[in-house]
Amino acid sequence: MPENLADANPRGLHFIVELANAVQDTVQDGTRVGASDLMELLARHGGPPFRLTEADASRLCDATGELIGILAAKEPDAAAEAINALLRRHPARPHLVRLPGRPWSLHAQADPEDGPVPWLLATAALALGLWFSERGGCAWGQCAAPDCAHYFIDTGRRTPQRYCSARCATRVRVAAHRAQRGSAAPGGAGE
């Protein structure tokens, strides 16, 4: 566990989504994300260098379930209330941080004695709350591709994002095109 959690924070939204997807994927496989995988995920996003035990990893995975509930929310009022509930239980105590090579950004502080779960939930509440207020609603979602259940952050400005990646969007478009061509072909389902 780092000496000062208040000085280290992952780049919020993409970290939250990657964590949610990793936890969800392993739950579907009947496994759990391990401590080493979580430490790597934190490091990739500039997070605190926790020395996690498997018990810490288990608690973080359980806490991520609450974040998945927010990412799955379709109603803005329900998402806002869930974020507010997180903020009440895990006040973010925001402060400005400048990570190497990045501009100043607002980060959550956490008491080092509290451990990784309160830090995660305070960080997530702050990141989701800021994004929600900036975008005026749930600017995130779950992939619409039938064979994918990953979450994403909607960073577009024009039309709402429906897929977690260009790859999923392309797969759905290609499948629809093939289905349309198959039904329009002589002797196809359209005849």
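Analyst: Helices are DSSP runs of H or I with at least four residues, numbered from the N terminus. The model discussed here is predicted. We can start with helix α5.

User: How many residues does α5 have, and what does its reach from first C-alpha to last look like beside the expected value?

Analyst: The expected span is 1.5 Å times one less than the number of residues. Helix α5 has 20 residues and reaches 28 Å from its first C-alpha to its last, close to the 28 Å expected.

User: Is α5 mostly covered or mostly open, and how many of its residues are buried?

Analyst: Buried means under 20% relative accessible area. By that cut-off 15 of the 20 residues of α5 are buried, and the helix is mostly covered. Just after α5, Gly 136 takes a positive phi of about 80°.

User: Where is Leu 130, and is Leu 130 buried or exposed, or in between?

Analyst: Leu 130 is in helix α5. Its relative accessible area is 38%, so Leu 130 is partly exposed. Leu 130 also belongs to a nonpolar surface patch with Leu 96, Trp 104 and Leu 106. Together these residues have about 420 Å² of accessible area.

User: Next, aromatic contacts. How many aromatic pairs does the structure hold?

Analyst: The structure holds 3 aromatic pairs. To classify a pair, look at the angle between the ring planes: under 30 degrees counts as stacked, over 60 as edge-to-face. The ring centres of Phe 50 and Trp 119 are 5.4 Å apart and the planes lie at 70°, so this pair is edge-to-face. The pair links distant parts of the chain, 69 residues apart: Phe 50 is in the loop between α2 (35-44) and α3 (54-72), and Trp 119 is in helix α5 (residues 116-135).

User: How many salt bridges does a search of the whole structure find?

Analyst: Side chains of opposite charge can pair when their charged atoms come close. The search finds 6 salt bridges. Among them is the one between Glu 18 and Arg 44, with the closest N and O atoms 2.3 Å apart. Glu 18 lies in helix α1 (residues 12-29) and Arg 44 in helix α2, so the pair ties together parts that are 26 residues apart in sequence. Glu 18 is partly exposed at 26% relative accessible area, and Arg 44 is partly exposed at 46%.

User: What parts does the pair of Arg 32 and Asp 62 tie together?

Analyst: Here the closest N and O atoms of the salt bridge between Arg 32 and Asp 62 are 2.4 Å apart. Arg 32 sits in the loop between α1 and α2 and Asp 62 in helix α3, so parts 30 residues apart in sequence are tied together. Arg 32 has a relative accessible area of 42% and is partly exposed; Asp 62, at 48%, also counts as partly exposed.

User: Which residue forms a salt bridge with Arg 171?

Analyst: The partner of Arg 171 is Asp 147, with the closest N and O atoms 2.9 Å apart. Arg 171 lies in helix α6 (residues 166-184) and Asp 147 in the loop between β3 (140-142) and β4 (151-153), so the pair ties together parts 24 residues apart in sequence. Arg 171 is partly exposed at 34% relative accessible area, whereas Asp 147 is exposed at 58%.

Terms used
Residues are numbered from 1 along each chain as its sequence is written. Side-chain values use heavy atoms; hydrogens and water are left out. Rings of Phe, Tyr and Trp (its six-membered ring) pair if their centres lie within 6.5 Å; planes under 30 degrees apart count as stacked, over 60 as edge-to-face and the rest as tilted. Helices (H or I, at least four residues) and strands (E, at least two) are DSSP runs, numbered from the N terminus. Patches are made of residues with over 30% relative accessible area and no salt bridge: like charges are joined within 9 Å, nonpolar side chains (Val, Leu, Ile, Met, Phe, Trp, Tyr) within 5 Å. Accessible areas come from the Shrake-Rupley method with a 1.4 Å probe; for residues, only the protein chains shown count as cover. A salt bridge is a side-chain nitrogen of Lys or Arg within 4 Å of a carboxyl oxygen of Asp or Glu. Buried means under 20% relative accessible area, exposed over 50%, partly exposed in between (1.4 Å probe, protein chains only).
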